[in-house]
Amino acid sequence: MAQTNTELRKVRAGSVWLGGTKTKQHVRDFSFIVDEPEKLGGTDAGPTPLEYVMGAFNGCLLVVIEIVAREQQFHYEDIVLSSYGTVDRRGLFGTADVSLHFQEVVNDIEFISSESPERLQQLQAEVTKRCPMYNLYVDAGIQVQLNWSIKAQ
């Protein structure tokens with residue numbers, strides 16, 4: 001008999017095709033639209049899949065930052081975060097044999113805090129070790145650049 005690991009959890013999503021590039025995604029009690037811009041044949045009714053992935057990356061970082069900051073007693077008043085990923089669209093269009101996912105991801109975070117740069121490095125090291133989306137990018141061979149800084153309160 002197989003042993004059950006209560007630490008393992010399935011993350012589920014259901015999808016409904018709404019025509020063209022537009023789909024409705026269902027996750028737990030939530031739903032959201034995924035689409036492409038009009039220039040790619042969509043109706044621009046929602047973010048693209050890669051835009052959702054980038055938003056998920058930011059959200060994942062913020063969740064893990066909160067968890068680790070609490071554990072390390074790293075205090076901050078606010079966080080200003082932005083990220084972008086570079087994609088070679090020739091792969092999607094079939095005009096070149098290039099990777100279809102992000103080539104690189106750049107993440108900028110400014111912490112409003114009185115913590116030291118050394119404490120920020122400790123926080124960043126633990127967050128990158130424990131953030132699922134960060135590790136998904138790294139394991140896919142995507143270059144991830146983290147530009148984290150502190151702005152004094």
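A salt bridge, as the term is used here, is a side-chain nitrogen of Lys or Arg within 4 Å of a carboxyl oxygen of Asp or Glu. Good morning, colleagues. The model before you is predicted, so local features need pLDDT of at least 70, side-chain atom pairs count only at pLDDT 80 or more, and totals for chains, interfaces and linings use all residues. Residues are numbered from 1 along each chain as its sequence is written, and side-chain values use heavy atoms, with hydrogens and water left out.

I begin with the charged pairs. Side chains of opposite charge can pair when their charged atoms come close. How many salt bridges does the structure hold? There are six. In one of them, D88 pairs with R90, and the closest N and O atoms are 2.6 Å apart. R90 is partly exposed, at a relative accessible area of 42%; by this scale, buried means under 20%, exposed over 50%, and partly exposed in between, with a 1.4 Å probe and protein chains only.

Another salt bridge joins E71 to R130, with 2.7 Å between the closest N and O atoms. E71 belongs to helix α1 (residues 49–72) and R130 to helix α3 (residues 117–130), so this pair ties together parts that are 59 residues apart in sequence. Helices here are DSSP runs of H or I with at least four residues, strands are runs of E with at least two, and both are numbered from the N terminus. R130 is partly exposed, at 33%.

Within helix α3, E126 and K129 lie three residues apart, about one turn of the helix. They too form a salt bridge, the closest N and O atoms being 3.6 Å apart. K129 counts as exposed, with 58% relative accessibility. E71, E126, K129 and R130 are linked in a network of salt bridges.

I turn now to the sheet. Three strands form an open, antiparallel sheet in the order β1-β2-β3; two strands pair if DSSP finds at least two bridges between them. The edges are taken by β1 (14–17) and β3 (30–34), each with a single partner strand, so one side of each has no neighbour in the sheet. Between β1 and strand β2 (residues 23–27), the antiparallel pairing runs over four bridges. Opposite S15 stands Q25 in β2.

Finally, F93 has its place in helix α2 (residues 90–93). F93 is partly exposed, with a relative accessible area of 44%. Thank you for your attention.
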